[in-house]
Amino acid sequence: MSATAENPPVAAATAVATAVAAAVEDRVTARVISDDPLFRKIPVALRFAPAEPLAVRIVFPAGLSPEGTENEWVFPRALLEAGLQAPTGTGDVRVWPCGRVQAVVEFHSPEGVAVIQFDIAALRRFLRRTNATVTRQV
């Protein structure tokens, strides 16, 4: 093995570490809202990639889809931020506060509608981390 392969340049290693560190992912528990009186808790990943500073992703686990694959929704970060204050969205994704501590995100697709409830604190924490990442890049 060459010395270069064993000891990569510090600048290159720092750039890679910074790019990896800048991505944000939070794992949270959400609740599926349905006609069933007992709500169903599900694990959800909230993701942000610095390469797409205006977008966020909400990823549902493979076990929830008929195809057995993760279901990922990408939408504007500003929509999620605004939806924590007041109802917003007219397209495939709609967000609104539900009381003081919950928020609802509604997803529309040709297959139907999914209504998911999140703790506002978890969404705000995620958004703070994405905002800090964007601020560092500027």
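## Close-up views of the predicted chain

**View 1. E52 is partly exposed, with a relative accessible area of 34%.** Buried stands for a relative accessible area under 20%, exposed for over 50%, and partly exposed for values in between, computed with a 1.4 Å probe on protein chains only. The model is predicted, and local features need a pLDDT of at least 70, side-chain atom pairs count only at pLDDT 80 or more, and totals for chains, interfaces and linings use all residues. Residues are numbered from 1 along each chain as its sequence is written, and side-chain values use heavy atoms, with hydrogens and water left out. The side chain of E52 meets that of R57 in a salt bridge, with 2.4 Å from N to O. A salt bridge here requires a side-chain nitrogen of Lys or Arg within 4 Å of a carboxyl oxygen of Asp or Glu. Through shared partners, salt bridges join E25, R27, R47, E52, R57 and E72 into one network.

**View 2. E25 and R47 form a salt bridge between two strands.** Their closest N and O atoms are 3.1 Å apart. E25 belongs to strand β1 (residues 24-33) and R47 to strand β2 (residues 40-48), so the pair ties together parts that are 22 residues apart in sequence. Helices (H or I, at least four residues) and strands (E, at least two) are DSSP runs numbered from the N terminus. E25 is partly exposed, at a relative accessible area of 35%.

**View 3. R31 and D119 form a salt bridge.** The N to O distance is 2.9 Å. R31 sits in strand β1 and D119 in strand β7 (residues 112-119), and the pair links these distant parts of the chain, 88 residues apart. R31 is buried, with a relative accessible area of 10%, whereas D119 is partly exposed at 33%. A search of the whole structure gives 8 salt bridges.

**View 4. D26 is a buried residue of strand β1.** The relative accessible area of D26 is 11%. Contact means heavy atoms within 4.5 Å. Not counting residues up to four places away in sequence, D26 touches V44, A45, L46, R125, F126 and R129.

**View 5. Strands β5 and β6 form a hairpin.** β5 (residues 93-98) and β6 (residues 102-109) run antiparallel and are joined by 6 bridges. Strands count as paired if DSSP finds at least two bridges between them. C98 stands opposite Q102 in β6. The hairpin has 3 residues between its strands, and G99 in the turn has a positive phi of about 80°.

**View 6. F107 is a member of the largest nonpolar core.** Such a core is a set of buried Ala, Val, Leu, Ile, Met, Phe, Trp, Tyr and Cys residues joined through side-chain atoms within 4.5 Å. Among its 28 residues, V44, F107 and F118 touch the most other members. Helix α4 (residues 120-137) contributes the largest share of this core, 6 residues. Apart from neighbours within four places in sequence, F107 is in contact with residues including I58, F60, W73, F75 and I116. In soluble globular proteins, nonpolar side chains tend to be buried together.

**View 7. The whole chain, for orientation, has 4 helices and 7 strands.** The order of elements from the N terminus is α-α-β-β-β-β-α-β-β-β-α. Of the 138 residues in the chain, 35% are buried.
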